[in-house]
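Colleague: I'm new to this one, could you walk me through it before I start clicking around?

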Amino acid sequence: VNPDRQTWRCFGQCSTGGDIFTFVMKMDGLEFAEALSVLADRAGVEINLKNDSVQKNTYFEINELALNFFRESLLSPEAESARNYLGRRGIPRGIWEEFDLGYSPRNKSSLKAHIAFHGIELGKAVECGLLNGLDDGTVRDFFWGRLMIPIHNRAGKVVGFGGRSLDGSMPKYINTAATPVFDKKRTLYGFHKAQEAIRQENQCV
């Protein structure tokens with residue numbers, strides 16, 4: 001690494017080099033736009049790569065709002081079944097707090113009311129997959145009565161949710177649908193927490 005030039009060079013087998021952007025792209029397997037976004041987040045710089053960047057930020061904000069709602073709901077009396085399930089699976093409170101596990105209340109309009117209270121357009125929450133728009137024009141929660149598992153991108157932002165059935169109803173697991181920020185084929189659960197250890201150990205299972 002040459003600090004003055006802010007460049008790097010590998011004299012080993014790869015025999016390549018570049019700037020901080022190419023370094024992050026190679027280390028993390030990112031496209032340029034993704035590397036730029038990661039570095040901007042670390043530096044506290046706001047960037048607009050595309051016209052839809054504002055829309056994506058809205059998705060992140062709505063998902064974060066839902067995350068906090070589900071997390072708080074896990075502490076409610078109604079969520080005792082979810083807490084008992086976690087106990088049977090040997091998952092202590094410290095772990096479900098670290099991974100932001102939550103609960104979606106059985107009332108099919110709880111999250112809807114919470115989102116509306118915060119002045120969020122319900123249509124945007126429908127686009128996020130958190131609410132369901134019905135044929136009669138009404139809107140209701142997509143998840144209810146489930147253990148909620150947030151899904152993060154590699155930068156640690158919430159891009160979607162998985163919901164685990166607690167009463168034996170099927171399907172056992174459901175996920176939010178694909179959105180501009182959530183591509184199930186390109187998202188590995190927990191990678192935002194594991195990537196540093198993977199880099200340090202130079203291996204993963």
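This is a predicted model: local features need pLDDT of at least 70, side-chain atom pairs count only at pLDDT 80 or more; totals for chains, interfaces and linings use all residues.

Colleague: Okay, so what order do the strands take in the open sheet?

Modeller: The open sheet has four strands in the order E3-E6-E7-E8, with antiparallel pairing. Strands here are DSSP runs of E with at least two residues, helices are runs of H or I with at least four, and both are numbered from the N terminus; two strands pair if DSSP finds at least two bridges between them.

Colleague: And which strands stand at the edges?

Modeller: Those are E3 and E8, each of which has a single partner strand, so one side of each is left without a neighbour in the sheet. On average, neighbouring strands of this sheet are turned by 35° against each other, direction ignored, where axes are lines fitted to C-alpha atoms, for helices over the stretch in contact, and angles in general run from 0 to 180 degrees between N-to-C directions.

Colleague: How many bridges join E6 to E7?

Modeller: Seven bridges join E6 to E7, which covers residues 158–165, and the two run antiparallel. Within that pair, His152 stands opposite Val158 and Arg146 stands opposite Ser165. The hairpin of E6 and E7 has five residues between the strands, and Gly156 takes a positive phi near 90° there.

Colleague: What about the other pairings?

Modeller: E3, residues 102–104, pairs with E6 in the antiparallel sense over three bridges, and Tyr103 stands opposite Leu147 in E6. On the E8 side, three bridges join E7 to E8, again antiparallel, with Gly163 opposite Ile174 in E8.

Colleague: Are E6 and E7 buried or exposed?

Modeller: Seven of the seven residues of E6 (146–152) are buried, so this strand is largely enclosed by the rest of the structure. For E7 it is eight of the eight residues, so E7 is also largely enclosed. Buried means under 20% relative accessible area, exposed means over 50%, and partly exposed lies in between, with a 1.4 Å probe and protein chains only.

Colleague: Which helix lies across those strands?

Modeller: Helix H4, residues 80–88, lies across E3, E6, E7 and E8, and runs at about 70° to E6.

Colleague: Switching to helices, at what angle do H1 and H2 pack?

Modeller: H1 (residues 20–28) and H2 (residues 32–43) pack at an angle of about 105°, with their axes 9 Å apart. That makes H1 roughly perpendicular to H2, a label for 65 to 115 degrees, whereas under 35 counts as roughly parallel, over 145 as roughly antiparallel and the rest as oblique.

Colleague: Which residues meet there?

Modeller: Ile20, Phe21, Val24 and Met25 in H1 meet Phe32, Ala35, Leu36 and Leu39 in H2, with contact meaning heavy atoms within 4.5 Å. The residues of this contact divide into eight nonpolar, no polar and no charged.

Colleague: Last one, how many disulfides does the count come to?

Modeller: The count comes to zero disulfides, taking a disulfide as a pair of cysteine sulfur atoms within 2.5 Å. As for individual cysteines, Cys10 counts as partly exposed at 23% relative accessibility, and Cys204 counts as exposed at 58%.

How values were computed: Residues are numbered from 1 along each chain as its sequence is written. Side-chain values use heavy atoms; hydrogens and water are left out. Ala, Val, Leu, Ile, Met, Phe, Trp, Tyr, Cys and Pro count as nonpolar, Asp, Glu, Lys and Arg as charged, and the others, Gly among them, as polar.
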